[in-house]
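Please look through the sequence and the model shown here before reading on. The report then takes up a few of its parts in turn.

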Amino acid sequence: MSAERRIAVVPAFNEERNIARVVGELGAFDPELDVVVISDGSIDRTAEAAAAAGAHVLRLPFNLGIGGAVQTGFQYAWEQGYDLVVRCDGDGQHIPAELPKVIAPVVAGEADIAVGSRFSGGDGYRSSASRRIGIRVLALVVSGIARQRVTDTTSGFQALNRRALELFAADYPHDYPEVEGMVMTIKHRLRLVEVPVQMREREHGQSSITALRSIYYMAKVLTALFVGLFRRNVVPLEDSGRRLDGGQPGAEVPALPAPERR
Amino acid sequence: MMLAAGTPLKLSIAATLASLVLVLVVFELIRSRRLRERYALLWLLTGIVLVILSAWRGGLNTIASWLGVRGYPPAVLFAVGLLFVILVLLHYSTVISRLSDQNVILAQRLALLEAKLSDRSSQP
């Protein structure tokens, strides 16, 4: 299946020191893999660095937050007709050499979305106590909702096929997209699998989640998850309506469905 | 009855019902996607605090006596409600400020983009 077109979606906010290396590593690992970097209202030279490294660059005029930035990349991938999308952070945390593990279940048709997990392999990933507790609680809650064991609900290292891409291009959670996205995936009856991967510690810059904000974070995420369970679907379920692209790769790309508003 | 002037039962019931309705309305607005969670959290907190204070009459009376409100404990309900309304309004002011900044940036970007496009199409 070498005809499959693949793209890596890389959100980046003020990552001028990391982004060129991330793009370079992705390209070196798989020359067939296109890369689109979404500069999320960066005030440094992230966009220039990414473009110089050979990536397509989308510049958001102001900071939309991780969800809005990633969704922009998904919309680009959808409109350009890519068959397989890899989502990967712009801070160098995700190791391109781990890509095959994440891509494999999607290419094999075993899953619509595959998530690289730091924890399911039992490999030592260090982080602060408050974060570890938060991660545990979220994993328990999401596993309960999904009726499927998940261990890493905040992993941004994911591979998606066009079915999952269609959903996320049309409707993607804005604030904490990884957690809510997992629940959305299940709600829309897409197949999700977790694969153990290794990740690097962040090299430069600060993670957007600090220990002090953990409680606020948990309150928001749990509220969002709870309410999300009752919310209407924007993209109809597989068995309740026709597919937007008829499931044909290379078929004419339809416009994205607008988010439903009342 | 510890205090001579407690919270009347009818008022407690009415206030509890009203607060519950607030919580339900907020929930329904989020569910139908007319309200984002980000902007609903403060409303939900308001509703939940009001439900608790309305239903838990002993608590309301105790808080009132801490604050030195002797005559009419439900006055504390009004005070708390008012405090939350002020918080929500302040929050909205910051949100509106951010939105108007972003709106200016969008308009500027659009104007630049239009100029670029028309320059391009006017050339043969």
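## Nonpolar cores

A nonpolar core is a set of buried Ala, Val, Leu, Ile, Met, Phe, Trp, Tyr and Cys residues joined through C-beta atoms within 7 Å. In this model, which is predicted, the largest such core holds 52 residues, and the members that touch the most others are V9(A), V37(A), F74(A) and V85(A). Helix α3 of chain A, which covers residues 66–79, gives the most to this core, with 6 residues. Around V85(A), when residues up to four places away in sequence are not counted, the residues touched are I7(A), V9(A), F74(A), A77(A), L160(A) and L165(A).

Apart from this core lies another one, of 18 residues, and its members include A139(A), M184(A), Y217(A) and A224(A). As a general matter, nonpolar side chains in soluble globular proteins tend to be buried together.

## Where the two chains meet

The contact between the chains draws 12 residues from chain A and 14 residues from chain B. On the side of chain A that touches chain B, 5 residues are nonpolar, 1 is polar and 6 are charged.

From α8(A) the contact is made by K220(A), T223(A), A224(A) and V227(A), while α2(B) brings E37(B), L41(B) and L44(B). Taken together, the residues of this helix contact divide into 4 nonpolar, 1 polar and 2 charged.

## A residue of chain B

Helix α4 of chain B, spanning residues 75–122, contains I105(B). Is I105(B) partly exposed or buried? With 13 other C-beta atoms within 10 Å, I105(B) is partly exposed.

Once its neighbours within four places in sequence are left aside, I105(B) is in contact with P61(A) and F62(A). Between I105(B) and S118(B) there are 13 residues in sequence and 20 Å in space, taken from C-alpha to C-alpha.

## Confidence in chain A

The mean pLDDT of chain A is 83, and 80% of its residues reach 70 or more. Over residues 239–252 of chain A, however, the pLDDT is below 50, and this stretch has 12 contacts in the model beyond near neighbours in sequence. Where pLDDT is low, the predicted coordinates should not be read in detail.

Note on methods: Residues are numbered from 1 along each chain as its sequence is written. Chains are lettered from A and ligands numbered from 1 in the order in which they are written. Two residues are in contact if their C-beta atoms, placed from the backbone, lie within 7 Å. Ala, Val, Leu, Ile, Met, Phe, Trp, Tyr, Cys and Pro count as nonpolar, Asp, Glu, Lys and Arg as charged, and the others, Gly among them, as polar. Helices (H or I, at least four residues) and strands (E, at least two) are DSSP runs, numbered from the N terminus. A residue is buried if 20 or more other C-beta atoms lie within 10 Å of its own, exposed if 12 or fewer, and partly exposed in between; C-beta atoms are placed from the backbone. pLDDT is the predictor's confidence in each residue, from 0 to 100.
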